[in-house]
Amino acid sequence: SSVSGLVEGGSSCNQEGWGGNYIGINLDYYNANQSLFSSGTQIVFGSYTYFIDAMVIPTNCNSGVALVYIVTDQSMVDGNPWTYQDYSWPYIAAGTTWSLNDGTENYYGIPLNPDADSIYTIGFYAVDYPDMDTTAFSTDFYVYNLDPEITSIVPPVHVVYAGDDYVYDVESNEEGLGLIYSLGEAPDGFSIDDSTGLLTGSLTDDLIGNHYVEIMADDGNGGVAEQNYFITVLSSGNPPEISDLPDVFLLEDSNTVAFDLDSLVTDADTPDSLIQWFVTYNGSQIQLIASILGLEILPDENLVRDTYGVTASIDSEHVVTIVGTDDFFGDEELIFIATDGMYVATASCMVEVTPVNDPPTILPINGIVFLEDSTGSLTSIDNIISDVDDDFTALDIMFSGHDSVTITIVGNAAIFSAPENWNGSGSMELSVVDTSGAEANEEFDIVVVPVNDPPQTFALIAPEDGATIDTSFVEFSWEDAIDIDANDHLVYTVSVSENEDLSQPILIVQDLDNTSCQWDNIASNTYYWSVEVMDLEGEKAYSSIQTFQVDYVMAIDGADIPEVFALHQNYPNPFNPVTTLRYDLPEDALVNITIYDMMGRVVKTMVNSQQNAGFKSVRWNATNDTGSPVSAGLYLYMIQAGDFK
């Protein structure tokens, strides 16, 4: 036989289910039944069949469960939980049923008159053909006793007349198997044959009236059947007689039937208006008749039901109305009882309710909310969707309404996911169609909450990796870092060190909004540099680490002096919003640097002063002499230093 349980989520991770080569089950159950979970044992999770490879009790975020490590074939079992962790495994949702064999078997058969409710031992032999190797084993089996049933039918009120002999042959489903018949309450002088069940008695005048009869059949193994009814002994007068009641046909949840009971009863002594009518359900009429006749009997609790398929009511004009209860279809038997105050008559009415398809129903869904780059779930869909006519597995379940959200149904759970880095909100619709085509729909909100994404890595531009710089300043530049979060602000930090791992930096330039900066007055040496980018949430990304070497000729007094006049290309170019103009002065000179537009008009005078010899630079922020921004376009710049132009 098998044992089973439910898949559980972890204590702080894998809450909704499992997608690897391990699945969580109840830790307490595993600790109490470890022998069932041996390596190689077949285990079933929902519709997936696996074999146990190993069991692990984790100490990480899954510490609330026992982890069953699985393989798909028994030959793969090696007891190592991590051998197959890189395989692609189906997703098993929390709440999925798991089951495995507990190593026991039940055997059923027909024993030859053993004692009931007893344990016997049976031996088994297994023979290996053609080698004829034999293995023997034995197991215990339990003998169950089935209660007998009395199958003969007697009216709830058996009307007889004084002076006759009473004979009723009680029959059962265990005739000839040793049933012992007996009487409980019965009229005086009545007796029953304990082996054949023949009930007899003389209906003398002193028995005129109503009598309660209790018949028992005992199989000797604890099983007892009972039959209870009334005997009404008449001397004279006329009891009411009920003609055949009509069969009633109803449609589920739709109509009612009414008919006049006075047209179905006759009583020579009593007018129809004085007849009293009662109605009850098959199985409970004995108790009602006893109440009508003023007799006290113990109720049979086995006949009490919680629900009934139809209800019937009788008004003062003796018109009965029969109504089907909600969602019921099938057959129900009503027992009608008529009494003239002394005698009782009964008749049955069969009510057949024809099924009518009910559409599915969907409970309101509060909404699905999950984080960007994560998943959301709607678990236990079978608790939200119901159909009184169809099994849950027969329903066609569909989600629609949002192009960016994908839904995967796993077992009785719906898993919601969105494209990478997508966030937003909208509405979706759950549609359910039953096997008859009836449909139900429920709209709900879905929200994917944005989560900050870090900037992406980026490349350094200049100086190139391994470059040699022959000046005492360096222009650093790098690519724009990409951040997929709209409107996120990025700032850069440049770090320079003489150590390859950038430890003990000698230069840190922080809070840069653009992608370039300059380092002046550098000593000749080998340097390493990198750039960090950070967004508004503090998420960071880093460039690679590159190296460059500074090597230039120093004057005798140690000053950095170029050999010739020179004007270099600005950098960056094109630029926005700042570019650097570099120039070399081999001697002291009066320097003028002016920027012109393409019409030759002066835009801005950048330098107009006496300067010492050296490697020089000046930065232009794309404004004119009045400080106003200039329009985009082409511009020229010119230097005059002494005779150099």
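Me: What makes domain 1 and domain 6 separate domains, and how far apart do their C-alpha centres lie?
Reply: The C-alpha centres of domain 1 and domain 6 lie 72 Å apart. The bounds, 3–101 for domain 1 and 566–641 for domain 6, come from an automatic or database domain assignment. Mind that this is a predicted model, where local features need pLDDT of at least 70, side-chain atom pairs count only at pLDDT 80 or more, and totals for chains, interfaces and linings use all residues. Residues are numbered from 1 along each chain as its sequence is written, and side-chain values use heavy atoms, leaving out hydrogens and water.

Me: Why is Leu634 called exposed?
Reply: Exposed means over 50% relative accessible area (buried is under 20%, partly exposed in between; 1.4 Å probe, protein chains only). Leu634 has 64% relative accessibility, so it counts as exposed. Leu634 sits in the loop between strand 49 (614–620) and strand 50 (635–641); strands here are DSSP runs of E, at least two residues, numbered from the N terminus.

Me: How do you know that strand 1 and strand 8 pair?
Reply: Pairing takes at least two DSSP bridges between two strands. Strand 1 and strand 8 (residues 97–101) have five and run antiparallel, so they pair by that rule. One of the bridges links Gly5 to Trp98 in strand 8.

Me: What makes the sheet with the order 1-8-4-5-6-3 open?
Reply: Its six strands pair antiparallel in that order. Strand 1 (2–6) and strand 3 (22–26) stand at the edges with a single partner strand each, so one side of each has no neighbour in the sheet.

Terms used: Helices (H or I, at least four residues) and strands (E, at least two) are DSSP runs, numbered from the N terminus.
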